[in-house]
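Colleague: Could you take me through some of the labels given to this model, and set each value against its cut-off?

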Amino acid sequence: MIRLIRSYKFLRLRKTSVQYFSARTNMDLKDIKSDTKSSQLKNSSSFMMNIFRGKMLSAEVFPYPDVLVADEKELILSLVDPFEKFFTEINSASRNDENSSIDGTVLNKLWELGAFGIQVPEKYGGLGLGNTQYGRLCEILGANDLSVGITLGAHQSIGFKGILLFGTQQQKEKYLSKLTTEKVYAAFALTEPSSGSDAGSIRTRAVKSDDGNYFILNGSKIWISNGGVADVMTVFAQTEQVDLATGEKKDRVTAFIVERSFGGVTNGPPEKKMGIKASNTTEVYFDNVKVPIDNVLGGEGNGFKVAMTILNNGRFGMGATLAGTMKFCIQKAVEHANNRVQFGKKIKEYGCIQEKISQMNILQYATESMAYTISQNMDKGSKEYHLEAAISKIFASESAWYVCDEAIQILGGMGYMKEAELERVLRDLRIFRIFEGTNDILRLFVALTGIQYAASNLKFLQRAFKNPANNFGIVSTEISRRVSTSIGLGTIDFNPHIAPELQNYGKKAANCIELFGKSVERLLVRYGKNIINEQYILKRLSNAAIDIYSMVVTLSRASRAIKLNLPTAQHELNMTKVLCIQASNRCMDNLRNTSAESELEMIDVMEEIAREVCNKGGVNTTHVITN
Ligand code: MYA
């Protein structure tokens with residue numbers, strides 16, 4: 001985290017204070033240093049990045065993306081059936097959980113189905129699917145067996161994804177068909193005993209041989225999914241790099257493709273875990289492993305970016321997977337609610353149960369809508385989906401936890417029994433809020449990345465306002481935007497994009513985006529570089545961003561349903577309406593709470609409580625029966 005904080009360069013101290021434009025916002029941009037060196041603003045195409053500037057860029061969200069052509073739809077639909085059959089006829093999630101492993105015959109069937117190379121091009125033996133088609137298969141995995149999902153995900157979503165994204169032609173030819181058709185498993189080895197969230201602080205080291213032909217790799221990794229079975233791993237290690245301009249030597253992370261057959265690669269026993277028990281998780285050790293120079297992935301010193309890109313690229317898959325898990329939980333809950341009679345009535349007739357069922361479905365709908373918005377934008381070629389992907393991971397993992405927990409509640413005592421299969425799902429789900437970037441770290445990542453973008457925009461405007469004659473267009477547009485918002489006339493209009501039935505709800509989302517932009521600006525002015533230390537506030541801002549994204553993707557998807565006259569349109573509309581009411585209220589509260597005096601006071605007290613408890617090593621109250 002410290003690296004994350006240090007790294008936000010735009011926030012490094014700069015002792016200037018520039019008064020600029022607009023009578024209302026005579027801003028003092030103290031301490032803010034933009035990373036935008038050129039006079040051109042770096043425009044992001046990402047919807048979420050732009051809300052940090054209080055702007056709505058509709059291209060990625062309206063209309064709801066629809067990328068699959070008829071052939072692609074037909075192909076994925078033809079795969080759904082065999083994948084579902086595999087889970088109903090061959091796999092048993094509860095048996096896998098009991099045995100803490102997946103039988104060889106079951107795994108063999110998955111290999112036959114092509115499940116280990118879903119996105120690998122056909123020329124290497126893969127199914128050659130895009131992200132959206134992959135998402136559909138992930139849903140099936142999520143609805144049936146998360147341990148199988150992790151085994152497949154660790155292999156292709158992160159294990160060899162680096163080869164697909166960054167591999168040279170030679171690397172692709174050497175590895176992809178093995179990893180797709182020859183039952184060779186892959187793993188992603190980043191985390192270490194002293195480096196979890198702080199991924200840049202890894203200690204595993206690779207030293208280049210004198211002849212420059214290979215690296216010698218030493219170190220150890222922990223909690224590696226597929227660690228005990230993988231023969232090919234994407235491994236991250238520190239390497240010494242020389243800055244060509246200054247001659248200075250610096251450690252930088254490099255990614256390597258490491259084969260077990262190189263020698264010196266060993267692993268510990270399978271970890272005993274709370275859930276996803278049938279997936280294999282181990283420590284992995286590298287002892288003087290000789291890695292050929294040709295196995296550097298993505299260039300020497302670029303490993304951190306390689307790791308982040310792989311993780312960003314795979315995160316939407318978690319959203320799709322968990323949308324499937326939620327469907328399973330909802331089905332269980334509804335089966336029970338439809339049949340269970342208490343106090344003379346089916347329990348589905350009771351308001352308490354109805355509220356749960358509605359809420360569970362609303363969250364499932366939003367999770368699925370996010371996952372397919374992102375996957376389809378990725379399929380359209382978008383490269384800037386890192387904020388959206390992080391948000392979908394946070395939203396999906398928290399929604400799935402809530403949905404499964406409420407399903408158990410609806411089943412009551414029965415839900416607590418193994419037989420209902422929900423306890424296994426709850427155990428399996430817990431890790432999703434932790435791995436692939438904890439939700440806490442991802443919330444900070446979303447807020448700080450967006451703030452960095454907003455700050456660079458502000459600096460750009462600041463420069464433009466210093467020379468209005470040369471920047472007339474920019475200056476006048478900005479002034480008119482600020483005047484409009486300051487007199488309560490919003491500049492964001494959802495109406496051209498959404499169904500008429502949803503316009504009041506679109507207005508709520510628009511108001512949230514406008515307040516969001518103003519809040520970010522206010523925070524920058526108030527805290528300058530110190531915003532990086534305000535985690536309580538960053539978290540509230542991030543929560544507001546998550547709510548905005550959930551509103552926008554559902555508004556868009558429900559409008560599509562209405563336009564296409566889908567039989568489910570009214571139901572989708574209803575869920576969107578409720579979501580927008582809930583999310584906009586929460587969002588407004590969170591945004592107000594980034595500056596409300598009462599909230600800031602509460603935060604101070606909470607800090608004090610936490611400090612006290614940590615200093616005392618635990619609960620620090622005087623017991624009522626002692627004194
Ligand atoms: S694998 C382990 C997962 N581990 C993590 O996710 C680690 C979390 N930590 C981080 O992400 C980073 O360390 C953070 C940054 C974010 C904290 N995209 O100085 P920096 C750029 C693009 O801020 P730090 C697992 O769990 C940044 O702009 N760029 O970095 C598997 C800067 O660029 P520049 C990014 O302070 C479980 C540079 O990097 C990103 O050290 C198994 C340095 O940044 C980003 N995200 O920390 C799962 N972040 O230098 C199985 C930073 O140009 C799969 N940068 O300014 C299951 C799948 C589901 C099933 C599927 C079924 C098939």
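Colleague: Why is I609 called partly exposed?

Modeller: This is a predicted model, and in it I609 has a relative accessibility of 49%. Since exposed means over 50% and buried means under 20%, with partly exposed in between, the value of 49% places I609 in the partly exposed class. I609 belongs to helix α20, which covers residues 597-616.

Colleague: What makes V605, I609 and V613 a nonpolar patch?

Modeller: A patch takes residues with over 30% relative accessible area and no salt bridge, and joins nonpolar side chains within 5 Å. I609, at 49%, is over that cut-off, and together with V605 and V613 it forms a surface patch with about 230 Å² of accessible area.

Colleague: What makes up the lining of the second largest pocket?

Modeller: Lining residues have an atom within 4 Å of a pocket point, and 19 residues line this pocket, with T132, R136, Y372, Q376 and R560 nearest its centre. Helices α3, α6, α11 and α18 each give two or more residues to the lining, and the largest share, four residues, comes from α6. By class, seven lining residues are nonpolar, three polar and nine charged, around a pocket volume of about 580 Å³.

How values were computed: Residues are numbered from 1 along each chain as its sequence is written. This is a predicted model: local features need pLDDT of at least 70, side-chain atom pairs count only at pLDDT 80 or more; totals for chains, interfaces and linings use all residues. Side-chain values use heavy atoms; hydrogens and water are left out. On a 1 Å grid over the protein atoms alone, a cavity is a set of points where a 1.4 Å probe fits but cannot get out, and a pocket is an open set with protein on both sides within 12 Å along at least five of seven lines; lining residues have an atom within 4 Å of a point. Grid points are joined across faces, edges and corners, and a volume is the space filled by probe spheres set on the points. Ala, Val, Leu, Ile, Met, Phe, Trp, Tyr, Cys and Pro count as nonpolar, Asp, Glu, Lys and Arg as charged, and the others, Gly among them, as polar. Patches are made of residues with over 30% relative accessible area and no salt bridge: like charges are joined within 9 Å, nonpolar side chains (Val, Leu, Ile, Met, Phe, Trp, Tyr) within 5 Å. Accessible areas come from the Shrake-Rupley method with a 1.4 Å probe; for residues, only the protein chains shown count as cover. A salt bridge is a side-chain nitrogen of Lys or Arg within 4 Å of a carboxyl oxygen of Asp or Glu. Buried means under 20% relative accessible area, exposed over 50%, partly exposed in between (1.4 Å probe, protein chains only).
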